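Please have the sequence and the 3D view at hand while reading.

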Amino acid sequence: RKLCAMLGAKVMISFQWDNWSEVLQWGEKLAALCEQYDLLNQSWPAPHGIAALAAVYYRTGKDERGDYYANMAEQAVSEPDPRHESLIAQIRMEQGRLEEAREIYQRIASQYPSYEQPQIQARLTELAARLADEALYDELAPTALALTEHALIASALNLGDRGAGRAPVTA
């Protein structure tokens with residue numbers, strides 16, 4: 001399980017740095033390991049790594065491979081929770097199914113109001129822009145920006161507090 005978790009984290013970092021060759025290399029190894037030992041639903045970062053692998057395949061025009069890995073990532077967690085729903089929404093965005101992604105993010109925002117609020121609001125704002133919903137974009141953008149700024153400030157304060165031995169600030 002730890003190896004799957006570590007590989008999942010490695011794939012996610014490679015994806016965030018746009019290093020697609022490493023995403024493909026390590027993502028395929030992650031998928032094979034998780035399939036072989038049925039570990040995907042037991043090591044949480046792994047589904048995000050598989051979703052990143054699917055995203056790279058979608059972005060390179062290999063939709064069939066993307067669908068295969070998207071399905072694998074979606075089935076990683078059987079019980080709905082905000083992490084799982086957010087993962088599915090990200091996959092829907094990669095698939096170009098923007099309305100579905102927006103519905104999922106709206107459901108997360110209403111059912112789990114404290115779950116990664118800055119990221120959820122940023123995604124909803126991005127979707128409003130991509131769907132050319134100017135009125136919704138104008139409504140969401142200031143809130144998303146304020147939440148993101150608040151989260152960044154809290155994060156910076158936490159870095160300083162940890163170094164000084166103080167308790168972290170919550171966003």
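**Aromatic rings and their partners**

Arg65 places its charged end over the ring of Tyr57, at 5.7 Å from the centre of that ring. The model is a predicted one, and a search of the whole structure finds two aromatic pairs in it. A pair of aromatic rings is described by the distance of the centres and the angle of the planes.

**The pair of Tyr57 and Tyr69**
- The ring centres of Tyr57 and Tyr69 lie 5.9 Å apart and their planes meet at 10°, so this pair counts as stacked, given that planes under 30 degrees apart are classed in that way.
- Because Tyr57 belongs to helix H3 (residues 45–59) and Tyr69 to helix H4 (residues 63–74), the pair ties together parts that are 12 residues apart in sequence.
- Both Tyr57 and Tyr69 are buried, and for Tyr69 the relative accessible area is 3%.

**The pair of Tyr68 and Tyr69**
- Tyr69 also forms an aromatic pair with Tyr68, and this one is edge-to-face, with 4.9 Å from centre to centre and 80° between the planes.
- Tyr68 is partly exposed, with a relative accessible area of 39%, whereas Tyr69 is buried.
- Taken together, the ring pairs link Tyr57, Tyr68 and Tyr69 into a cluster.

**A charge over another ring**
- Lys29 lies over the face of Trp26, where the distance from the ring centre is 4.5 Å.

Terms used. Residues numbered from 1 in each chain as written. Predicted model: local features only at pLDDT ≥ 70, side-chain atom pairs only at ≥ 80, totals over all residues. Heavy atoms only, no water. Phe/Tyr/Trp six-rings, centres within 6.5 Å; stacked < 30°, edge-to-face > 60°. Helix = DSSP H or I, 4+ residues; strand = E, 2+ residues; numbered from the N terminus. Buried < 20%, exposed > 50% of the residue type's maximum accessible area, 1.4 Å probe, protein only. Lys NZ or Arg CZ within 6 Å of the ring centre and 35° of its normal.
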